[in-house]
Structures are given as structure tokens and as C-alpha cells.
Amino acid sequence: VGFLPPLGVFDPLGLIETRNMARYEVMEIKHGRAAMLGFLHIILIEAGARFPGYLSPSAGLKFSDVPAGCFASLEALPTAGWLQ
């Protein structure tokens with residue numbers, strides 16, 4: 001954790017002894033992967049990639065009908081989808 005070749009372990013507050021640092025390393029890797037997937041999702045949606053089929057068959061809403069963009073896509077979802 002924080003290993004710097006000329007200086008050794010960088011831990012100015014002494015937190016390594018009081019915490020399970022292996023758990024934090026695993027959590028950091030997991031959150032980094034989730035952030036990369038989120039970024040890939042935004043790139044694909046802006047490029048026009050959509051799933052085939054219906055997002056809401058009862059409302060007649062297809063995946064291709066949902067606009068790109070954060071707020072526009074959130075407003076396009078039916079209320080029942082939010083409650084689900």
C-alpha cells in the first residue's frame with residue numbers, strides 16, 4: 001500500500017496498522033472497474049448503440065426511443081419503471 005521505491009511505505013498518519021488495507025485495495029479496484037464500465041456506457045450511448053426490443057412493452061417504449069443524455073433519458077422512463 002503506497003509503496004514508493006526510494007522511501008518505502010508512505011503512511012504519514014499511521015493508518016495501516018489500524019485498518020484492513022487489503023479490503024480497501026479490493027474495494028478501490030472494484031470501484032475503478034465500475035467507473036470504467038460507466039464511462040464505456042456513456043460512450044456507447046452517445047455513439048448510438050441501443051439494445052433491441054422494448055424497455056416498457058406496456059407503454060410501447062423501445063430502447064431506441066430513449067434519448068441520449070443524462071436528464072433526457074431519465075425523464076423518458078415511465079413512472080412504473082422508477083417504482084420498480
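1. Ser56 is found in strand β3 of this predicted model; strands are DSSP runs of E with at least two residues, helices are runs of H or I with at least four, and both are numbered from the N terminus. Ser56 is buried, at a relative accessible area of 11%, where buried means under 20%, exposed over 50% and partly exposed in between, with a 1.4 Å probe and protein chains only. Leaving aside residues up to four places away in sequence, Ser56 touches Leu61 and Pro78 (contact means heavy atoms within 4.5 Å). The C-alpha atoms of Ser56 and Gly38 are separated by 23 Å, and these residues lie 18 residues apart along the chain.

2. Some conventions apply throughout. Residues are numbered from 1 along each chain as its sequence is written, and side-chain values use heavy atoms, with hydrogens and water left out. As the model is predicted, local features need pLDDT of at least 70 and side-chain atom pairs count only at pLDDT 80 or more, while totals for chains, interfaces and linings use all residues.

3. Which residues form the aromatic pair? Phe51 and Phe63 do, edge-to-face, at 5.6 Å centre to centre and with 65 degrees between the planes. The rule pairs rings of Phe, Tyr and Trp (its six-membered ring) if their centres lie within 6.5 Å; planes under 30 degrees apart count as stacked, over 60 as edge-to-face and the rest as tilted. By this rule the count comes to one aromatic pair.

4. The pair links distant parts of the chain, twelve residues apart: Phe51 is in the loop between α1 and β3 (54–56), and Phe63 is in the loop between β4 (61–62) and α2. Phe51 is exposed, since its relative accessible area is 63%, whereas Phe63 is partly exposed, at 26%. Between the C-alpha atoms of Phe51 and Pro6, 45 residues apart along the chain, the separation is 51 Å.

5. The largest pocket holds about 460 Å³ of space. Among its 20 lining residues, the closest to the pocket centre are His41, Ile45, Ala49, Arg50 and Val66. A pocket is an open set of points on a 1 Å grid over the protein atoms alone, where a 1.4 Å probe fits, with protein on both sides within 12 Å along at least five of seven lines; lining residues have an atom within 4 Å of a point. The volume is the space filled by probe spheres set on the points, which are joined across faces, edges and corners.

6. The elements that give two or more residues to the lining of the largest pocket are α1 (21–47) and α2 (70–76). Helix α1 gives the most, with seven residues. By class, this lining has 15 nonpolar, three polar and two charged residues; Ala, Val, Leu, Ile, Met, Phe, Trp, Tyr, Cys and Pro count as nonpolar, Asp, Glu, Lys and Arg as charged, and the others, Gly among them, as polar.

7. Ser73 has its place in helix α2. Its side chain reaches the backbone oxygen of Gly69 at 2.7 Å. Ser73 also touches Val66 and Pro67, not counting residues up to four places away in sequence.

8. Leu44 is found in helix α1 and is partly exposed, with a relative accessible area of 42%. C-alpha to C-alpha, Leu44 and Ala59 are 25 Å apart in space and 15 residues apart in sequence.

Definitions and conventions:
A polar contact is a pair of N or O atoms within 3.5 Å; within protein, one must be able to donate a hydrogen and the other to accept it, and residues adjacent in sequence count only if both atoms are side-chain atoms.
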